[in-house]
Amino acid sequence: MTATTATPPATDRPTPRRAPGGGLPARRAVIRWAVRLFRREWRQQVLTLALLTVAVTGATFAVSATYNMASSSDATFGRADHLLQLDGGDPAALDSRLAAARQWFGTIEAIGHRYVSVPGLFDPIDVRAQDPAGAYGPPMLAVRQGRYPAGTGEVALTDAVARTLRTGLGKRVSLDGHDRLVVGMVENPRDLTDEFALVDAAHADPPKTVTVLVAGGRADLEAFRATIDGPLVRESRPGTSRTVIAATTLALATVGLLLVSLVAAAGFIVVAQRRLRQLGMLAAMGATRRHLRLVMLANGTVVGAVAAVLGTAVGVAAWLLVAERVETAAGHRIDRFDLPWATIGAGMVLAVATATAAAWWPARAIARTPIMSALSARPPRPRPARRTAVVAVVLLATGVTCLLLSGGTRPVLISAGTLATAAGVLFVGPAAIRSLAAARGGMPVAVRLALTDLVRYQARAGAALAAISLALGISVAVVAGSAAADYQAKQAAGLGNLAEGQLLIRIGRPSPVIPVRTPEQMAGLQAQVDTMAGNLGTPTVTPLDMAVVASYTDPGEPGGQPGHPAVEIGTPVADRQHMTTYPLYVATPELLRLYRLDSAAVAADTEVLTVRTGALELVNIPERRVYPKTQALPGARYSSMPNSMVTASMMSRHGWQPTRVGWLIEANHPLTEHELTTAQNLAASAGFTIESRHERASLGSLRTGSVAAGALLALGILAMSVGLIRGEAAGDLRTLTATGAPRRVRRTLTATTAGALALLGALLGVVGAYAGLASVLHRDLDALTDVPVAHLAATTLGLPVLAAVAGWVLAGREPPWLGRRRLD
Amino acid sequence: MSAVLSMRQVSKVYGAGHAAVSALRQVDLTVDAGELVAIMGTSGSGKSTLLTIAGSLEEPTDGAVLVCGDDVSTMSADARARLRRRSIGFVFQDLNLLAGLSAVENVALPLELDGVGARAARAAGLRVLEELGLAERATRFPDDLSGGERQRVAIARAVVGDRRLLLADEPTGALDSTNGEAVMRMLRAACKRGIAGVMVTHDAQLASWADRVVFLRDGRVVDQTAPTVGPDTLLAGDVAP
C-alpha cells in the first residue's frame, strides 16, 4: 500500500472567512447527521414515536369530532343572523309586522308554523310552510327522498312524523284538515330531531306563529325592536362557532400532548445517553455546545414531525370511518370532509413544537456533559437529590394550589395544576430512588448492586422513573377519577330509575294536568295494560293514582283535552323563588305494599309519605303554603318509583280525587330486549309512555383499559431503559461472572432493576394522581372513598411483579457483550 | 521549526481531598511542526490525560498549554471548539467515525462545522481520501468499513483542512499488525507534510516510527529519546518520492 502526498493540506480550506460558530453549513451538517441517525436508529425511539403519534391521533380525532358533532346554530338560523317570532293569531297585525321587518331589513324569510294535534299523540305536529329556495332557510331543509311539495294537496314529512302518521312516500295522509299526498321525505340536516310536515308556503293555511329570519347587526335588530309596539320575541345567532369549539378541544388536547411530552422527554434522555459517545466525538471534532444541542433538538423535531404526519393521517382516517355512524348521536348530518384543517394544522405544528421542546432538556444536559465523560460514556455525576426534591415540593405545592382554586370548573387552573403536579411527581424521582437504595443494607448482593446502580446511573433511572410515574399516574387518575364519577353518579341517582324487572306505564306524557277520561276510555286502557302484562309472564301490576283538584278544570294545551291539576310536592330551590316539584301519588294499599307497608304502619296524622327530606310544600292546589306532615318512606331508592304519596285522610280533608295516571308492572325476571320492544309497540299504539331501567354507562371497562394501557406503556419504558442501565453496568457483570456468580445473579440484577423502577413508578403515580384528584374534589372527598382496589392492586403490585418476572426471564440468556468490551 | 504544541508545567489532579489523584505533574512538552512524538508509559502514567489536555478536551489543573502560540486556558469554550475544528485532529483507538455519515461525510464534517459549504467540504474530503488511497471507500458507511479502513478514514478526517496538530491515542490498538503499520505510515506521512503529531502507544516498535519518544511515569516525564531506527529508515523505499 502506498499513501503519500507531497502537497501540504493548507490549501484544502476553500473559504477563508467563515461564521465563528460555523453558521448555516454547520447547522445543516448537524441536522443532516441527526436525520440520518433517526433513520438508522428509529427503532430505539419507537415507543416515544408511538406515544406522540397516539396523542396526535387523539387530538386530530377529537378536534374533527367536536367540530362536526357540535350542534350548529344553522339549524335554527339558516344563513340568517337573527330570528323573530311573530304571533299569527291576528293576521292583520302579522302582515303589518312582516311588512315592517321587510322594510327595515330588506330581505327577510318568513317560515309559517301550524301546530296540529293528532289523536293519540301528545305533541302536536309542526306543519311548516317554508320556501326551500328562501333567502336564509335552505341550510335548514333538505330532501332525502322524493321532492318538495307544490300546491295545496301535497306534503313532505320527516321520518318520525311519517312513522307517527303511519304513512310514507306516495301515500295519502289527512293532516290539518286536508287530504294530502306525501311527495317527499325531508329533514332539517342541521337538526335531525326537528320533526315537521312541510307544505308549500305559497298555498299554506294562515300560520299560528311565524319565524322571520333576518340578517344584520345586533344594533340593527335592537333598533328595529324599538320601532315595534308591544313584545317582540327575537333571538340572535350565538357567538360560539364550531371553529371556537374545535379550537377549545385543541387547547384541551394540548394539555394531554404536554403530558405526553414529559414522557417523550424521558425517552429522549435515554436516546441522548445512547448517543453520548458519538456526541463526545462530535465535540472533539470541534462542535460547539449549540451544535450538540441542535443534534438532539433536530431529533426531537423529526420525531415530532413523523408523529404529527402519522397521527394526523390516522386521526383523519379514523374520523372518516366513523363520521357517518355518529350522525344519529350528533343529531345532524355530517359532511365527513368538512374538517377544521387550520386547527388540525395547528395541532400538527403543536406536536412538532412539543416534541422539540421535550428534547430541549436532554439536549441541554448532553451539551453540558464534559467531552471526556461523553467520550467514555460515563454518566454525569448524580446531582444531589435535595435540589430536585425542593423543586418537586414547589411544583407540587403550586399544582395542588391551582387545583384547589380551580374548584373543578376552571379549565386553565385545572390544566396548570395538572401539569405542575405531574412535573412535581417527576422531580420526586431522584429522591425516591435514593430512598429505596438507602434501604438496601442486608439484602442479597445482586439486589444491593442493582439498587446501587439505580443511583449511579441516576440520569437514566430518573428519566425512566419519571416516564413510568407519569404513565401510571395518568392511568391511576383515570381509574380513581372514574370511580369517583361513578360514586357521584350513584349518589345523585340512587340505585337508578327502576329495577331491572320493572316497567312504569304512564297514560300520556307526565303533565301537571291530568286529562278527564271516561270510564270506557279507562277500561280500554286497562285492557291494553293487561295485554302488556300478559306478555311479561305473571307480573305484579300496581295501579298508580294521583290526587287531582277536581274542583278546577284546566283547558289544557291548544287542541288538547281539558283536565284537572294534579297535586304535586315541591322543594324550594336555592333562590327560594322557584320550586322543584315531584309527582305525588295516592297511598293506595297496593302501592304501600310495594314498600312492604300496610295502612297500620302509617301514622294517623301523616299526610304525606315521602323519601324526600327538607322543607316540602304542596303545589298545584288552590291553597298556598300548605306544608304537609310527612313520614319517611323506607325501602329502595329507585328515582322513578312513586316516592311520595298522599294519604287518604289528606285527600278527603282537601276534597281531592284519585285519578288513574299509570301502572307499575313488576316482572319476576329482568326484562329482555324483546319484551321491552313489544311493550314499546303496544304502548305506542295505546298512547302510553313507558319507562324501563336505564342502563347506566359503566366506567369499569374504561378503568380496565386505562390500567392495561398504563401498564403496557410502563413496561415499554422499562424495556427501553433497564437494558440500557444494565448495559452500562456490564463491567460489574463481567466481574461478577468472572468471580463465579451464577446466572441467577444476572437474572436478579435485571429483575430487581425492573421491579424497583416499576414499584417506585407505581407508588409515585398513585400518590400524584390521588393528590391531584383530592385537590380537585376537596369539597366532596367522599367521592374518593370508593377505592378501585383491584385496579390499584394491579398497578402497584401486579405491574412491579410482572416487570420483575419479565426481567428475570429475559435476563437468562448471556448477552453477547458480556465476554468482551463493546466498541462503537 | 516553530512549536505547534507547547505544554508548560502542566499538572492535572482528578478528585479532591483524600480521593485526589495526580494524573500529570508539571509536565513540559514541546512539539514542532513536522515532528512526530510518541508518548509511552505504563497504565495510569498519564499518557491519555496529556493527550486530552493537549487537545483542549480537558483543562489542566495548573500550567499552560499553547497550540500554535495561543494559550488554550484563556479561551472560551466556543474558541476551544473552533481551535479543535481548525487546528487539531484526533484519532482515537476506537469510535472514530460517526454512524450515519459516509466516509467522505465524516472527513468533511470538521470543515462543515467550521462553516465551509457542504459541496466544498466534500470536495476537500474526497481530495484527502484520494491522497490517502481511500477514494473508492468514500461513499461507504462506517459499518461497511474494516477496522483498518476506519482508522485510516479517521486519520484523513484528522488532517483535512489546515490542521496543525494531530493527536492519536493508541491509533493501532484495535488493529492487526498489517493495518497497524499502514496507519503508522499515514501518520508519519502526515507529519512529513508539516503537521505536528503526538501519539500515545504502549508498543515500542510503533514508537520507533516517531522522531522522539517521551516516557511518562506517575504523571512525570522521566525520559526523552530519539529512536535508533528512525522513521526515515522505516519509510525508506516504501514512500513514494
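This is a predicted model: local features need pLDDT of at least 70, side-chain atom pairs count only at pLDDT 80 or more; totals for chains, interfaces and linings use all residues.
The predictor gives the complex an ipTM of 0.88 and a pTM of 0.67.

**Confidence, chain A**

- Chain A has a mean pLDDT of 82, with 87% of its residues at 70 or more.
- Among the elements of chain A, strand β5 (residues 154-157) has the highest mean pLDDT, 95, while helix α22 (residues 730-738) has the lowest, 69.
- Residues 1-15 of chain A stay under 50 in pLDDT; the model still gives them 36 contacts beyond four places in sequence.
- Residues 818-824 of chain A are also below 50, and this stretch has 10 contacts beyond near neighbours in sequence.

**Confidence, chain B**

- In chain B the average pLDDT is 85, and 93% of the residues score at least 70.
- Strand β4 (residues 62-67) of chain B has the highest mean pLDDT among the elements of that chain, at 92, and helix α8 (residues 231-235) of chain B the lowest, at 55.
- Over residues 237-241 of chain B the pLDDT is below 50, and beyond near neighbours in sequence the model shows 5 contacts for this stretch.

**Chain B overall**

- Chain B has 8 helices and 10 strands.
- Of its 241 residues, 54% count as buried.
- Take the contacts in chain B with a separation of 6 or more: 69% of them are between residues 24 or more positions apart.

**The four-stranded sheet of chain B**

- The order here is β2-β1-β4-β5 in an open sheet of 4 strands, with antiparallel pairing.
- β2 (21-32) and β5 (70-71) of chain B sit at the edges; each has a single partner strand, so one side of each has no neighbour in the sheet.
- β4(B) and β5(B) run antiparallel and are joined by 2 bridges, with Leu66(B) opposite Asp71(B) in β5(B).
- Helix α1 (residues 47-54) of chain B lies across β1 (3-14), β2 and β4 of chain B, and runs at about 125° to β1(B).
- Back to the opening residue: Gln26(B) is found in strand β2 of chain B, and has a positive phi near 45° despite being a residue other than glycine.

**The β9-β10 hairpin of chain B**

- Strands β9 (residues 212-217) and β10 (residues 220-225) of chain B pair in the antiparallel sense over 5 bridges; Val214(B) stands opposite Gln224(B) in β10(B).
- This hairpin has 2 residues between the strands. Asp218(B) is in the loop between β9 and β10 of chain B and takes a positive phi near 50°, again in a residue other than glycine.
- Asp218(B) counts as partly exposed, with 14 C-beta neighbours inside 10 Å.

**Helix α8 of chain A**

- Helix α8 (residues 276-284) of chain A is largely enclosed by the rest of the structure, because 8 of its 9 residues are buried.
- The buried residues of α8(A) include Leu276(A), Leu279(A), Met281(A) and Leu282(A).
- After α8(A) comes Gly286(A), with a positive phi near 115°.

**Helix α9 of chain A and its surroundings**

- Helix α2 (residues 46-69) of chain A packs against α9(A) at an angle of about 40°, and their axes are 7 Å apart. The two helices are therefore oblique to each other, and the crossing of α2(A) and α9(A) is right-handed.
- Where does Asn299(A) sit? Its place is in helix α9 (residues 289-322) of chain A, and Asn299(A) is buried, with 28 other C-beta atoms within 10 Å.
- Setting aside neighbours within four places in sequence, Asn299(A) is in contact with Ala34(A), Leu37(A), Phe38(A), Val271(A) and Ala359(A).
- Phe268(A) is 31 residues from Asn299(A) along the chain, and their C-alpha atoms are separated by 8.7 Å.

Methods
Residues are numbered from 1 along each chain as its sequence is written. Chains are lettered from A and ligands numbered from 1 in the order in which they are written. A residue is buried if 20 or more other C-beta atoms lie within 10 Å of its own, exposed if 12 or fewer, and partly exposed in between; C-beta atoms are placed from the backbone. Two residues are in contact if their C-beta atoms, placed from the backbone, lie within 7 Å. pLDDT is the predictor's confidence in each residue, from 0 to 100. Two strands pair if DSSP finds at least two bridges between them. Axes are lines fitted to C-alpha atoms, for helices over the stretch in contact, and angles run from 0 to 180 degrees between N-to-C directions. Angles under 35 degrees count as roughly parallel, over 145 as roughly antiparallel, 65 to 115 as roughly perpendicular and the rest as oblique. A crossing is left-handed if the near helix is turned anticlockwise from the far one by less than a right angle, and right-handed if clockwise.
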